[in-house]
Amino acid sequence: MTSNSNAKIPVTIVTGFLGSGKTTLLRHILGNAEGRRIAVVVNEFGELGIDGDILRGCGIGCEDEDSEGNDREVALYELANGCVCCTVQEEFLPVMLQLAERRGDIDAVLIETSGLALPKPLVQAFQWPDIANIFTVDSVVTVVDGPAAASGQFAANPAQVDVQRRADPNLDHESPLHELFEDQLSAADLVVLNKTDLMDAAARAQVEALVREELPPEVKIVGATEGRLPLALLLGQGRAAETTIHLRESHHDHEEDHDHDEFDSLVIELPPVERDSLIAVLAALVEQHTIYRVKGFVAVPNKPMRLLVQGVGRRFDHHFDRRWRDGEAQRTRLVFIGEDLDEAALRKALEGVAAVPA
């Protein structure tokens, strides 16, 4: 597939709340690219760019061939210092200028934002003269974690706020997390309601009604499991969203700047730990602390495979994603995102797991 050097390169921005399945959606797109030459920009809030490592673990950006031996052209760029909405000028623009220099080699760009990023400033950045004539925002795809939204996990105090929300929807706006949820929806050209396999009909209807309140009528909501949707639906929408984003109202339109002071992010490293004990301790810590997201790689004693752990609210998923490489340090690294995190208490609880004999 070749690019028309005079045409703008379409950019698809994938946004969504913590753990909604953005990386899984990217994997699906790249695994079914059918010859499209795609550059990927990933971004994560925190000290450890785990999402980029997950993508590399799939062979994206570091392998010359896919699992079937076909040539694959994917460029991976990772923004490591904070959320992309806060570092647009410092990090995002230089990356886009690098991509502009390779415009003849690129058919499309995928940008995965942090779960804490506001999409509107990013879309507006495509109006900058340096890149306005080279790129266009084909669409903003907002991924919603269906089960988490149904249980109110996007809120500062999920169970309590969910009860209040049903009694008085106006109380939603007291939570910065719910404002963020709304802002991500306000910029959407397409909403992917993900993990529908984990929802019954009533929960799905509840979330669709909640989401629909924040969307213009023309924005579609599509259900998905593990982000598996036809690429014709995800790519090639031709929205040129940068030209209309000013019409989308958000909670931060009248602020000089914004910050994420409400959120803490910390990394804890440990030696190999026993899997079941770790998950049990993490589940207990989520109950005791205001933790929104846990993710990381875990070394399990006497296992040649690396364990990938991702938790949103009270739900934890884990699986062995690949073998440890020769010479690679077999260690456990976990990222916690939440509010007022007590690092000493978290570390003490986790070091108890590390002390469990193999």
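**Reading strands, cores and a pocket**

User: In strand 11, which residue is the bridge partner of Met-305?

Analyst: The bridge partner of Met-305 in strand 11 is Arg-323. Helices (H or I, at least four residues) and strands (E, at least two) are DSSP runs that are numbered from the N terminus, and two strands count as paired if DSSP finds at least two bridges between them. Strand 10 and strand 11 (residues 315–323) meet this criterion with eight bridges in the antiparallel sense. This is a predicted model, in which local features need pLDDT of at least 70 and side-chain atom pairs count only at pLDDT 80 or more, whereas totals for chains, interfaces and linings use all residues. Residues are numbered from 1 along each chain as its sequence is written, and side-chain values use heavy atoms, with hydrogens and water left out.

User: How many bridges join strand 9 to strand 10, and what should I look for in their hairpin?

Analyst: Seven bridges join strand 9 (residues 290–299) to strand 10, and the two run antiparallel, with Val-298 standing opposite Leu-307 of strand 10. Five residues lie between the strands of this hairpin, where Asn-302 takes a positive phi near 65°, although Asn-302 is not a glycine.

User: Is strand 10 largely enclosed or open, and is Asn-302 buried or exposed?

Analyst: A residue is buried when its relative accessible area is under 20%, exposed when it is over 50%, and partly exposed in between, with a 1.4 Å probe and protein chains only. Six of the eight residues of strand 10 (residues 305–312) are buried, so this strand is largely enclosed by the rest of the structure. Asn-302, by contrast, is exposed, with a relative accessible area of 73%. Across the protein chain, buried residues make up 53% of the 358 residues.

User: Which residues have the most contacts inside the largest nonpolar core?

Analyst: A nonpolar core is a set of buried Ala, Val, Leu, Ile, Met, Phe, Trp, Tyr and Cys residues joined through side-chain atoms within 4.5 Å. The largest one here has 26 residues, and those with the most contacts inside it are Ile-13, Leu-99, Val-109, Ile-111, Phe-126 and Phe-135. The elements that give two or more residues to this core include strand 1 (9–16), helix 3 (88–101) and strand 5 (135–145), and helix 3 gives the most, with six residues. Apart from this core lies another, of 22 residues, among them Ile-279, Leu-282, Leu-307 and Phe-316.

User: How much space lies in the largest pocket, and which residues are closest to its centre?

Analyst: Rolling a probe the size of a water molecule over the atoms shows where empty space is left. On a 1 Å grid over the protein atoms alone, a pocket is an open set of points where a 1.4 Å probe fits, with protein on both sides within 12 Å along at least five of seven lines, and its lining residues have an atom within 4 Å of a point. Grid points are joined across faces, edges and corners, and a volume is the space filled by probe spheres set on the points. About 670 Å³ of space lies in the largest pocket, and of its 26 lining residues the closest to the centre are Gly-21, Thr-24, Lys-195, Gln-310 and Asp-317. The largest share of the lining, five residues, comes from helix 1, while strand 10 and strand 11 are among the elements that give two or more residues.

User: Is Lys-195 buried or exposed, and where is it found?

Analyst: Lys-195 is buried, with a relative accessible area of 14%, and is found in the loop between strand 6 (190–194) and helix 9 (201–212). Phi of Lys-195 is near 65°, a positive value in a residue other than glycine.
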